[in-house]
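Here are my notes on the model you asked me to look over. Have it open next to you while you read.

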Amino acid sequence: MFSIQSLFSQIDNAFLKHLSDNNLKIEYLSYLQNAASSNDTLDFYYSKYHFQFGDDSSFLVHAARAKSLLKRDTSLLIHYSKHFLNKEIHQSNEWFNSILDTSLRVNDQLKQLHLVYNLTQYPLETVELPLQLQKDYQLYYRATKKKPIVAGLFSAIIPGTGLLYLNKPRAFASNLAIVGGFGYQTYESSRIFGWQHPLTIINAAFFSGFYLVNVIGSYLEVKKNLRERQKQYLIHASTYYADTYPSSLY
Amino acid sequence: MLQRITLILILHLCINQVFGQQQYAVNLLGFEDRIFRANNDAVDLIKLEKINYMINADSIKGQIVSELKRVNYSSLPDSLQVNALWNASLIAYLNKEIDLSFLYWSKYNTLTNDTSTQSILLGYLTSENLNKTVNRSLYAKLISCDSQFVQFDNELHKSIELKGNTFKKVSSLLLPGSGLLINGNIGKGLLSMGLNTGTFFFVRFLISNNAWVNSVLWGSNLIGKFYLGGYRLTTKEIDNKQGRKQKMRAETSAHLLTSILDKYPLSLRLVY
């Protein structure tokens with residue numbers, strides 16, 4: 001019906017916008033596959049294609065190759081940066097620290113987005129951030145100061161105190177009650193039935209298990225808490241900049 | 001060498017499919033290029049052409065439905081609009097987008113007031129959960145055409161709620177495991193009974209030895225596990241039985257619908 005060769009000799013941005021607006025994935029890809037243009041331009045549009053229809057990994061490959069063209073479109077750079085504020089850490093790192101280098105950070109908005117993301121990699125105690133993000137950032141910053149090994153040690157000495165170190169008094173109370181309960185249960189059965197009795201051995205096994213879980217759990221909880229605070233900060237940053245810095249793909 | 005020959009052979013065998021797919025995408029792009037460059041009057045006609053092409057090319061129904069949603073049917077000439085709406089309703093129904101299918105069918109029916117069995121059947125199927133009044137009036141028309149519809153409608157509206165579900169749940173609370181036994185899960189029921197009896201004697205043994213902390217902690221743990229667990233299992237097994245009955249009903253309905261559709265086939269209509 002149509003000959004491939006006679007199709008599109010030059011990329012038509014308005015037509016691609018039309019395909020994008022109508023979510024026409026097959027047509028968009030076919031257009032790019034049959035377009036005769038420079039590699040830079042094709043990579044630029046392939047990055048848009050993968051951004052909308054494909055996956056972030058393929059997007060990053062094409063975006064890295066199309067840097068010279070991306071540089072001219074700050075609105076698009078802002079659009080991509082907002083997207084990568086809250087994505088898989090290795091992909092966000094590649095975007096902010098490999099592709100969006102100093103040559104691409106051409107305006108204050110891009111510099112701000114780069115700073116907001118990089119604070120999760122190199123936290124600073126005092127930094128100028130919008131009021132809406134300060135609280136989440138401070139919570140995240142405080143979480144970076146907590147050491148997993150310290151929490152583990154605290155919980156090893158008095159069960160649950162590692163969670164108190166993380167400002168989680170309820171979790172501390174329940175942890176202490178559980179380990180304490182199993183401890184007393186073991187003591188009671190040893191007193192009544194003796195240490196050789198199967199019930200005492202089972203109780204002691206449960207007590208040891210819960211004690212170990214309490215130590216390891218406190219250690220892991222510090223790491224989990226850090227990840228959660230980081231995620232929360234980036235989610236809020238992403239929502240905040242979505243409204244503050246309007247941008248679009250076309 | 002053997003690997004190369006194998007690869008060449010595979011490529012040779014699949015060449016039509018590979019390039020066929022490419023040609024399909026290029027053709028879709030061609031239609032879209034025409035839509036983009038056409039004036040307002042022609043846009044919807046080209047969209048219909050594109051849909052026709054996709055139907056003939058046996059495209060994924062979801063993709064066709066996306067295209068159907070783009071068409072402004074009211075801008076089409078009446079002669080085209082009728083068949084386009086019929087196709088839209090049928091494809092949306094096959095893609096399980098019943099709301100959309102009913103919407104298109106309603107527009108089609110307003111335009112044509114089609115009294116053919118096929119049209120009434122499509123309306124009846126799409127209005128099943130959306131508009132009871134329309135559904136019942138269409139059903140009345142259908143049974144006057146063919147008594148086979150009575151059997152289908154009865155199957156569709158037959159109650160599949162199992163009797164005695166509440167009794168089984170209460171029974172499993174009063175005598176652990178009995179709910180499962182009544183439901184027909186003999187093995188699980190006996191196991192649940194055994195575990196709960198064991199828990200009772202174990203806690204009694206602890207109390208008789210004045211191991212109060214042990215009796216409270218073990219008791220609460222084991223009761224939570226076996227007594228409440230048994231109740232939850234009863235609920236789950238009742239749901240499973242209900243699900244099996246529902247599946248059987250669905251299979252019977254599908255079988256009846258197939259024989260109805262053999263008699264009154266719902267087929268796409270040529271737009272051009």
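**Notes on chain A**

1. Going along the sequence, chain A reads α-α-α-α-α-α-α-α-α-α-α-α-α. That comes to 13 helices and zero strands, where helices are DSSP runs of H or I with at least four residues, strands are runs of E with at least two, and numbering starts at the N terminus.

2. Before going on, the ground rules: this is a predicted model, where local features need pLDDT of at least 70, side-chain atom pairs count only at pLDDT 80 or more, and totals for chains, interfaces and linings use all residues. Residues are numbered from 1 along each chain as its sequence is written, while chains are lettered from A and ligands numbered from 1 in the order in which they are written.

3. On overall dimensions, the C-alpha atoms of chain A fill a box of roughly 95 × 50 × 25 Å along the principal axes.

4. Burial next: 33% of the 250 residues of chain A are buried (20 or more other C-beta atoms within 10 Å of the residue's own, with C-beta atoms placed from the backbone). Among contacts in chain A with a separation of 6 or more, 60% are between residues 24 or more positions apart; a contact here has the two C-beta atoms, placed from the backbone, within 7 Å.

5. Why is A:Asp43 counted as buried? Because A:Asp43 has 22 C-beta neighbours inside 10 Å.

6. Beyond neighbours within four places in sequence, A:Asp43 is in contact with A:His62, A:Arg65 and A:Ala66.

Definitions and conventions. A residue is buried if 20 or more other C-beta atoms lie within 10 Å of its own, exposed if 12 or fewer, and partly exposed in between; C-beta atoms are placed from the backbone.
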